[in-house]
Amino acid sequence: MSDESTEDGCREYQQLARRDFLTLAGGVGVSALLPTWLPKVVLAQSSNGSRDIIVSVFLSGGTDGMSMVVPFGDPDYYTGRPNIAIARPDAAGTGPKAVALDDFFGFSPGMAPLMPAYTNGDLLVAHATGSVDNSRSHFDAQRYMELGKPRDPRITGGWLGRHLATSAPTRSNAPLRGLSFTSGMPQTLSAGPKTLPIPNPANFTIGGSAATATARAQWLAANHGGTVNPVQDNALDATNTIALLQRINFTGYAPANGAMYPASGFGQALRSTAALIKADVGVEAVHAFNGGWDTHATQGPVATLDGGAMHNRMLDLASALAAFHADLIQGTTSYGVTVVVISEFGRNARENGNRGTDHGRGNVAFAMGKKINGGRVLTNGWPGLARENLENGQDLRVTLDHRDILAEIVQNRLGNNNLSVVFPDYTPRFRNVTKA
């Protein structure tokens with residue numbers, strides 16, 4: 001359910017998508033996860049269930065944030081994109097138009113399913129955001145964002161894994177605290193205790209014949225349950241996780257409020273996430289990939305242009321997130337959950353000769369939840385798209401470090417004050433991303 005596509009993009013991205021560049025990590029103790037150079041941490045406590053569950057989504061390939069959230073108020077957007085720009089909300093004619101979020105930004109038609117979450121104040125859009133590192137390598141840029149700090153070989157684990165490693169579990173006997181919808185552990189969650197890569201929780205088991213699955217699980221518990229740690233804990237957590245997930249009716253799960261998840265891999269991953277959260281089994285972090293955003297040619301940001309490839313991908317993403325919002329967040333019976341969506345970098349401010357966009361810098365990110373201060377587009381000053389305002393004369397500048405958004409959520413919604421561990425050597429600036 002990683003939803004990684006290998007059909008589009010540059011050669012590096014195709015290789016990245018095929019291999020996932022995922023690192024395997026075991027569920028070992030906190031002392032083994034934190035390197036000696038980090039300061040002493042105080043475990044975040046699980047006070048009265050007020051901590052949110054976090055759902056982390058990585059859009060791999062480098063999304064074109066200016067097609068997702070259109071800066072229609074900047075005339076240089078249209079100057080630089082004569083063929084692929086999305087029309088202003090008030091443009092003449094019956095063609096596709098942006099859906100206004102305010103008097104400057106608008107959702108593309110493909111992102112329109114998220115309007116209810118936005119108007120309800122549950123969805124925050126952050127623009128001209130991204131990493132301070134200017135790498136245009138998919139692999140490096142993604143790795144640096146997942147690690148939480150660029151270009152430091154001392155860094156171990158991922159930012160979300162380190163959050164789990166410095167937090168007391170919300171449920172002390174939970175065998176599973178973190179889960180990724182991947183075949184191997186993503187860097188974001190690596191070093192997280194009691195964290196596993198599980199492509200499909202509905203059929204998670206020990207590899208082999210289904211007829212002997214129970215016997216194999218019993219053998220694992222019997223033969224490794226009495227050994228030394230971390231082998232003992234890992235064996236027991238694995239068998240307990242299998243038993244735990246088998247008790248959840250993922251296949252028959254019925255979403256609330258008429259929510260309809262897309263049949264895509266990403267849509268079904270969010271549907272399974274909703275079932276997992278409602279089962280209340282102690283899972284605290286979920287991570288999923290959504291790939292195929294490397295749009296160098298025939299980008300198709302609207303349905304009527306070049307087959308609408310990017311439009312269709314945006315529609316799937318937005319529809320899945322909108323279903324998740326309706327299912328778990330809207331109304332008075334909302335669950336304690338925060339969703340964050342980021343990508344490794346944005347695209348060039350100007351279209352190329354193939355009606356696509358090349359690797360760029362500034363991008364868009366999203367945060368969604370009942371305690372997110374949404375219904376607005378957050379910028380740290382729109383840098384502008386005139387050539388003299390672009391980075392190296394070609395890219396939207398990054399004026400908002402993505403770690404500011406993540407760090408505020410980690411502290412205020414996940415209850416973890418160890419930000420110097422989660423995001424080493426970085427002092428975040430809180431920007432009213434969350435609310436009390």
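Student: Leaving aside its neighbours within four places in sequence, which residues is A297 in contact with?
Tutor: The model is predicted: local features need pLDDT of at least 70, side-chain atom pairs count only at pLDDT 80 or more, and totals for chains, interfaces and linings use all residues. Residues are numbered from 1 along each chain as its sequence is written, and side-chain values use heavy atoms, without hydrogens and water. A297 lies in the loop between strand 8 (285-290) and helix 11; helices (H or I, at least four residues) and strands (E, at least two) are DSSP runs, numbered from the N terminus. With contact meaning heavy atoms within 4.5 Å, and neighbours within four places left aside, A297 is in contact with N354, R355 and G356.

Student: What separates the C-alpha atoms of A297 and G356?
Tutor: A297 and G356 are 59 residues apart along the chain. In the model, however, the separation of their C-alpha atoms is 4.1 Å.

Student: What is the phi of R355, roughly?
Tutor: R355 sits in the loop between strand 9 (337-343) and strand 10 (363-369). Its relative accessibility is 32%, so R355 counts as partly exposed (buried is under 20% relative accessible area, exposed over 50%, partly exposed in between, with a 1.4 Å probe and protein chains only). Most residues other than glycine have a negative phi. R355 is not a glycine, yet its phi is positive, about 55°.

Student: Is A191 buried or exposed?
Tutor: A191 is in the loop between strand 6 (178-180) and strand 7 (195-197). It also has a positive phi, about 80°, although it is not a glycine. Its relative accessible area is 12%, so A191 is buried.

Student: At what angle do the axes of helix 10 and helix 11 cross, roughly?
Tutor: Two packed helices are described by the angle and the distance between their axes. Axes are lines fitted to C-alpha atoms, for helices over the stretch in contact, and angles run from 0 to 180 degrees between N-to-C directions. Helix 10 (residues 265-279) and helix 11 (residues 309-329) have axes that come within 9 Å. They cross at roughly 15°.

Student: What is the relative accessible area of H311?
Tutor: H311 is in helix 11. Leaving aside neighbours within four places in sequence, H311 is in contact with P109, G110, G300, P301, V302 and A303. H311 is buried, with a relative accessible area of 10%.

Student: How many of the residues of helix 6 are buried?
Tutor: Helix 6 (residues 138-147) is mostly covered. Among its buried residues are H138, Y144 and L147. Of the 10 residues in helix 6, the number buried is seven.
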